[in-house]
Amino acid sequence: MGAHESWAYTDIVKDHFMNPRNILKDDDYQEDGLGKVGNIQCGDEMLVVIKVDKDTNTITDCKWKTYGCASAIASTSVMSELVTGMTLDEAFEVGPKQIAGALGQLPDNKIHCSVLGDKALRAAINNYYERSGQSDKVVKEEARIICKCMNVTDHEIEESVLEGARTFLELQEMTKMSTVCGQCKDEAQTLLKVYMKKHFG
Ligand code: FES
């Protein structure tokens, strides 16, 4: 099989990767909210900034910057188009499945790459609420953080199991957890078993 035949991305994914939309290029961009997730040392830091119409609570512009992979780039590019024009409440609900749907399809083992963009977007929305004196609207993750280095919660581990993670390596690839100091590994393995049992008996 030639190298080209193994290219499993849709035309939409390729287009967003080759021509990413809404990349943040302006150092003086005057954002209303900023969210940053990931770890620059792991090479997958993601920055998302938004402008908000204060009267309608609508996102009028969404820009981003990442050192992530092709799927992270395509996912965040399409996400930035998807959420522009949405209310903050609507945008907060946008998740990897919706982003993958807008891209046509992502290879299963690449769905997790889109988590970086929407995570950073939620952080940017919360940051907007804080900056605009609406701290009461900040949605606090009730979930428990299991991986402090990559900010991965027990909720995300459960979601990953539901999305197909069956082994620790798959969980690690989907969430990026346990890729820095590794101290979270034991707890992650325990939770993996707990959620497998809960959902698949
Ligand atoms: S706590 Fe998970 S890698 Fe450090």
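**Helices on a sheet**

Mentor: Happy to. Helix 2 and helix 5 pack with their axes 8 Å apart, at an angle of about 40°. Keep in mind as we go that this is a predicted model. An angle between 35 and 65 degrees is neither roughly parallel nor roughly perpendicular, so helix 2 and helix 5 count as oblique to each other. If you want to pick out the contact on screen, select Ala72, Ser75, Thr76, Met79 and Val83 on the helix 2 side, and Leu116, Gly117, Asp118 and Leu121 on the helix 5 side. Sorted by class, the residues of this contact are five nonpolar, three polar and one charged.

Helix 2, residues 70-83, lies across strand 2 and strand 3, and runs at about 170° to strand 3. Helix 5, residues 115-131, lies across strand 1, strand 2 and strand 3, at about 140° to strand 1.

The sheet itself is open and has three strands in the order 1-2-3, paired antiparallel. Strand 1 (33-37) and strand 3 (58-66) are at the edges; each has a single partner strand, so one side of each is left without a neighbour in the sheet. From one strand to the next, the twist averages 15°.

Let's zoom in on one pairing. Strand 2, residues 46-53, runs antiparallel to strand 3, and eight bridges join the two.

Helix 1, residues 11-18, packs with helix 2 at an angle of about 90°, and their axes are 8 Å apart. That angle makes helix 1 roughly perpendicular to helix 2. From helix 1 the contact takes Val13, His16 and Phe17, and from helix 2 it takes Ala70, Ile73, Ala74, Ser77 and Val78. By class, the contact of helix 1 with helix 2 has six nonpolar residues, two polar ones and no charged ones.

Another helix pair deserves a look as well. Helix 6 (residues 154-162) and helix 7 (residues 168-175) have axes that come within 10 Å and cross at roughly 115°. Helix 6 and helix 7 are therefore roughly perpendicular to each other, and their crossing is right-handed. Glu156, Ile157 and Ser160 of helix 6 make the contact with Leu171, Met174 and Thr175 of helix 7. The classes here are three nonpolar, two polar and one charged.

Where pLDDT is low, the predicted coordinates should not be read in detail.

Notes
Residues are numbered from 1 along each chain as its sequence is written. This is a predicted model: local features need pLDDT of at least 70, side-chain atom pairs count only at pLDDT 80 or more; totals for chains, interfaces and linings use all residues. Two strands pair if DSSP finds at least two bridges between them. Helices (H or I, at least four residues) and strands (E, at least two) are DSSP runs, numbered from the N terminus. Axes are lines fitted to C-alpha atoms, for helices over the stretch in contact, and angles run from 0 to 180 degrees between N-to-C directions. Two residues are in contact if their C-beta atoms, placed from the backbone, lie within 7 Å. Angles under 35 degrees count as roughly parallel, over 145 as roughly antiparallel, 65 to 115 as roughly perpendicular and the rest as oblique. A crossing is left-handed if the near helix is turned anticlockwise from the far one by less than a right angle, and right-handed if clockwise. Ala, Val, Leu, Ile, Met, Phe, Trp, Tyr, Cys and Pro count as nonpolar, Asp, Glu, Lys and Arg as charged, and the others, Gly among them, as polar.
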